[in-house]
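Welcome! Here is a short briefing to read with the structure open beside you. Take it one topic at a time and try to find each element as you go.

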Amino acid sequence: MSNKGARGRLPARFSAFDLMRRRRSWPQAWRERDLKSTYDVVLIGGGLHGLATAYYLATNHGITDVAVIEKSYIGGGGSGRNTAIVRSNYLTPEGVRFYDRSVKLYEELAVDLNFNVMFEQRGHMTLAHNDSSLRTMRWRAEVNKLEGVDSSVITPSEIKQLAPYIDVSDHSRYPILGALWHPPGGIIRHDAVVWGYARAADAAGAHIHQNTEVTGIDVEQEKVTGVTTSRGKISAPIVVNCTAGWSSLVAALAGVKLPIVTRPLQAAVTEPVQSFLDPVIVSGSLHVYVSQTARGELVFGASVDPFGSYSTRGSLDFIEGLAGHVLELMPSLGRMRVLRQWAGLCDMTPDYAPIIGPTHVGGFYVDVGWGTYGFKAGPAAGESLAQMIATNSIPELIAPFGVERFAAGTLMGEKGAASVGH
Amino acid sequence: MTARLPERPGEVIDRSSSLPFRWNGGDYTGMAGDTIVSALAASGVRVLSRSFKYRRPRGVMTADFNDPNCLFQVGDEPNVRAAHRLLEPGMDTSSQTSWPSLRFDAKAATQALSPFLGPGFYYKTFMRPRFLWPVYQRVLRTFAAGGKPSPQPGHSSPDKRYAHPDVLVAGGGPAGMMAAISAAERGARVMLVDEQHETGGYLRWSDSDGRLALADLRTRLAAADVEVLTDSVVFGRYDHNWVGVMQRSHPQGERLIKARAGVLVVAPGLIERPLAFEGNDLPGVVLSGAARRLLNLYAVRPGTRAVVLSANAEGAAAAADLADAGVEIAAFVDARAGETVVRAKGRTGVRSVELTGGKTVEADLLVTATGWTAPTALLNMAGVVPTFDPESSRFVPGEMPDDVMATGGIVGDGSVADLLSHAAAVGQEAARRSGHKAVHKAAAIPAAAALAPPSKEPVELPTLEPEPHPPLFIGSTSGFIDFSEDVTTKDITAAADEGYRSLELAKRYTTATMGPTQGKLEVINAGVAHAIATGRAIAGMGTTTWRPPYAPVSLGALAGRMLEPVRHSPLQPYHERVGAQPIVAGQWIRPNHYGDPAAEVTAVRSSVGVIDVSPLGKIELRGRDVPKLLELVYTNKWSKLAVGSVRYGIMCAEDGVVMDDGVTARFAEDRYMMTTTSSGAAGVYDWLEEWLATAHPDWDVRLTAMTDAYASMNVAGPESRALLERLVEGIELDAESFPHMHVRTGTVAGVADCFLWRLGFTGELSFEVHVPAGYGLHVWEALLEQGADLGAVPFGLEAQRIMRLEKGHFIVGQDTDGLTRAHSTGLSTLINSDKPDFSGKQELEWSEADSGTMLVALQPEDPAVVPPEASQVLSGNTLVGRITSSRMSPTLGRSICLAQLTQDHAAPGTVVTVHLPDRTRVRARVMEHHAHFDPEGSRLRG
């Protein structure tokens, strides 16, 4: 479905051969540009979503007069704070289809962008500790299968084979009854995804403006006319809010109200140890997910904090609970040490599904409210958004996620499976 | 070859001891007081590890906790800081990243490839051919640094401790000690935390004057009322001075102390900074502090012929100590005079050192004293923004909040006396700010009378300024900046040239500061290299975002004991005795069945059975305004509930989604008992309290959680009345005196104060008996004993689930989900729109016409097929719903289901296709009633 004819020429090819030839001397992956006074499209937010949208606008639709406006450095928000898990084992058919498209794009991304994003499809395992969550796992597996996504429910002995450090005995506090096993899931180098898109978007002609903050969105007669930034005004007929963490505040600049609350999501990483854990392990009952990076660190995350906040500080309470739950799953890891904890901001909608599409302000689109799923969604969101902008119609893949659903009462059903849905 | 020196005046080793230990399979001995690394260094071992990426040989460099080259496996514990961990006899230690051996590491071949392995080389290759990517992945993963985690559980940590010091001092060097002494002398409760094994900081390895000053400080500290924790670290400062302290050498293992500090005094001293130049990672290149620690604490000679590069007094002192220990000083390079080191040469250790001007000096030791990094992490965590001071070449603290202070080297330099007078003032001021209650201490400790009172006025702090220091960060040749991650000056430059022009991006791209030291050694050099590469001023360099923990802390200590007890009903002894099959249900473990659930169903339907329903949530509500609360949280009408009656209701969240269901009885005019689902008990209690606290604080309603106060058992079946008549006193049980959905109180099996209500989940005539918990077992056993001739049996959760499904009763959370609004349950009659308001009303009224899916009863056409729960329902190829509950009905002899279907498929008689997990498909018919059995409810009302 993509039209690769408009792909920009990369300043330098990445390959083993070029690595030998160029050694350490490479051209800039993306350039610092002067801020023009007009662009066809302004994308607010230089994270994964904004950069992916810029890339697909250029490569799939030949739209290259695009500015990505980032208040800090690219990928410094949610794109660099998530736990880098990619999967498509969602609950609703709409969700499964959407995230499956994202997984497919991720699988091709390294070759597509000529940037190895290091997607390691080591499998994704969601543990069930009681019969009600086992029932939900079966539900997800059945929906996944019908949508052509590889998911199945596995037994404790199969879990033990895939992840030998997990305690599957029946004398733990929360015995493991089974798991949803999703082989295509895995982890990826999240920074590399951001950089790969940025490099390819830049090569295709998009301008990436870092350290540039949007301070106003200009609207005349219910139509967007441009943005005001810390470096000057830009006029543009199309402005897209691709921010996270502050998306409701950015939308408010255009007079658009969004049903979003922002909550911190905390994470932590341990010191590296030798590889011992292949799949991503998730436990909803224990509010924890764990994966081991290629570097050997364990990366942990949990559910969003139970209160709204814009703080990205971590709490002691969080790592205490996290450690307890990790040890409940893998009791032999008591001597591993936490190296760093942090938090990111999640924009939560009432039904835990995103808001993507046009708003009542003409030319002003939103791609927000991704809650804890934004990273997994990036490629498919960017691709769909680009298609929407280019064709001025809403692609089927994202049609269920319009803002009008809150007025119509047709909410999405991911909430039930989303409390710790990583 | 031993490198142990004759006795040194400040040494901490016990020469009378001899501790055998193993390292990389060989036998070694050390002394009590040695660290693992000092013992190895004393034995003449120079190469201690291989580096992460290039597998370069590495040796001791900082000789303290932060040494990036000294992470060992000790027994089943990975990543032990071997330059900090004290030696214990019999320890089995090994280096971590080397294969097949430390001497010959096969992966050192990467060194030859190093020109091609620049920053992010892996982002630039391994993309094609695609089928090889999984192979590359496996190879890359073998490079993971670090030890091997134990596969065996068994390590436990002591319980966590809470502390409430008025003043908590982080850092036990001279300034920290003085601040603690001075705060304690003003009556404050003080905790002093130091990362080393003894207090004293740099005075421990300094000269005789320093040792004298230290002895004096230790005497005063011992006399002051200060709790001193050594080998412990303040690893995090969280909001409101909630401070995490890890006590590493607690006798029972690492222990977490959580302290609410009045004032946190940050006095960590300074961390010595390496200089980046070619060969700066060779074994034999050590920091001046490391040389002095090895010499003066452990009496270990770090080399025989040394070059000393010095930009400060510490370098000169190290040279003097080396000379004193018999190390030949081949060259003293004075950086303040503009001389410096160009590169160090050698293969597995320093052999020679090239100086400015091209002169090469043979040496096996290169000591550098090129400045410090201020470890401002705790200040950053408190919101302080340190700024880089180009004069002193280090960060200095910025504006601080009232409850955080700093003293010592992190603030400025000076003589010991200067530091002590600053620290004393800080201690006094901290005591004042903490506003402690000296009166407590006066009562407890008679000596307290001698304490000076805290000053009333703010204490003026003497100035303590950092001394100027030459800007020595990166040399003229490219060297290592991050030793844990194998990142060089060239790598940082290359990253900046490639467009990673924000320092944060360059750090992420090169992974500098991402390793176990987290920037403590490398952050400034990385920032400087990046500033130079991007043509920016070093002075404008920002610090990294220091995040907790300041030093790594173990999962075991953070976790402590798991305080999530299992809940059992008071009847558990019976269930265990008869070998009931348990099932985990939220916090509870309860009997699923007693052998044969189908037989249990038949017994209940034909005679009588008893089920333990103690986990049922029970909340007592008292007060004048209880009816108002009930009207608000339930969807149906409550104001007219008569005393003695029971009513069923469903609760919706504000979005109209069903959140819980249950019954509430009215015992008296102002006294009610509400039941909730077992798993919803805590949530409903919170929900009620939230309404009362936030929206209606004026209402007269008091809640008491009663779940554990009663043992609850449901007596169900046609013979249930006959059984209870044998045991109940004071209640008429006939249908007229005690109709369905009514409540009575009385005595059961001699136990007074029981309450009974007529209702149940099974569809049979049933009485739910609630007995004061302590007598529960007695009543339960009496019921079974007295009912023996009636055929009474205990039944479990599974039998109840079958019977409720036969009756079409839904379970919130199983047959409903996160989107199921009240209308979808088919209980629209329970939604009373006439009420002025109730939770979810607006949403329910508004969505009445289209409430998404409907809950329906479904029967497969083939009565032998039980579609597993969660099987999907299709119409053509479109998903139209799912099976939410399914069982084989022993009563009907056929499979029965509840399902959620879209409204256009929910009409009775509709035939749908059920897609089973094994991919076969069966047809099923939508039923007229939810109840598959006795839809009129005649049995229930009998």
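In this predicted model, Val286(B) has a bridge partner in strand E23 of chain B, namely Val367(B). Three bridges join E17(B) to E23(B), which covers residues 365-369, and the two strands run parallel.

**The parallel sheet in chain B**

- E17 and E23 belong to an open sheet of four strands in chain B, ordered E17-E23-E18-E19, with parallel pairing.
- Which strands stand at the edges? They are E17 (285-287) and E19 (328-334) of chain B; each has a single partner strand, so one of its sides has no neighbour in the sheet.
- On average, neighbouring strands of this sheet are turned by 20° against each other, with direction ignored.
- Helix H6 of chain B, residues 288-296, packs on the sheet and touches E17 and E23 of chain B. The direction of H6(B) makes about 90° with that of E17(B).
- Helix H7 of chain B, residues 313-324, lies across E18 (305-310), E19 and E23 of chain B. Relative to E18(B), H7(B) runs at about 165°.

**Where chain A meets chain B**

- How many residues does each chain bring to the contact? Chain A gives 71 residues and chain B gives 77 residues.
- Several elements of chain A each supply at least two residues to the side that touches chain B: H1 (16-22), H4 (93-113), H5 (131-146), H7 (190-203), H9 (316-329) and strand E17 (337-348).
- The largest share of that side of chain A comes from H9(A), with eight residues.
- Sorted by class, the side of chain A that touches chain B holds 36 nonpolar, 19 polar and 16 charged residues.
- Strand pairing also links the chains: two bridges join E17(A) to strand E30 of chain B, residues 553-554, and these strands run antiparallel. Within E30(B), Val553(B) is the bridge partner of Val338(A).

**Two helices that cross in chain A**

- The axes of H4(A) and H10(A), the latter made of residues 374-391, come within 7 Å and cross at roughly 95°.
- On the H4(A) side, the contact is made by Phe98(A), Tyr99(A), Arg101(A), Ser102(A), Leu105(A), Tyr106(A) and Leu109(A). The H10(A) side brings Lys376(A), Ala377(A), Gly378(A), Pro379(A), Ala380(A) and Glu383(A).
- Eight nonpolar, two polar and three charged residues make up this contact of H4(A) with H10(A).

**A mostly covered helix in chain B**

- Is helix H13 of chain B mostly covered or mostly exposed? H13(B), residues 523-533, is mostly covered, with nine of its eleven residues buried.
- The buried residues of H13(B) include Val523(B), Ile524(B), Val528(B) and His530(B).
- These buried residues pack against strand E24 (372-373), strand E28 (480-482), helix H11 (489-497) and helix H12 (503-510) of chain B.
- After H13(B) comes Gly535(B), which has a positive phi near 70°.

**Backbone spots to look for**

- The peptide bond from Arg128(B) to Pro129(B) is cis, with omega near -10°. You will find Pro129(B) in the loop between H2 (109-112) and H3 (133-142) of chain B.
- Another cis peptide bond runs from Pro548(B) to Pro549(B), with omega near -5°. Pro549(B) sits in the loop between H13 and E30 of chain B.
- Tyr352(A) is not a glycine, but its phi is positive, near 60°. Tyr352(A) lies in the loop between E17 and E18 (355-358) of chain A, and is buried, with 25 other C-beta atoms within 10 Å.
- Asp231(B) is not a glycine either, and has a positive phi of about 45°. The loop between E11 (226-229) and E12 (232-238) of chain B holds Asp231(B).
- Why does Asp231(B) count as buried? Asp231(B) counts as buried because 20 C-beta neighbours lie inside 10 Å.

Definitions and conventions:
Residues numbered from 1 in each chain as written. Chains lettered and ligands numbered in written order. Predicted model: local features only at pLDDT ≥ 70, side-chain atom pairs only at ≥ 80, totals over all residues. Pairing = 2+ DSSP bridges. Axes fitted to C-alpha atoms, helices over the stretch in contact; angles between N-to-C directions. Contact = placed C-beta atoms within 7 Å. Nonpolar A, V, L, I, M, F, W, Y, C, P; charged D, E, K, R; others polar. Buried ≥ 20, exposed ≤ 12 C-beta atoms within 10 Å, placed from the backbone.
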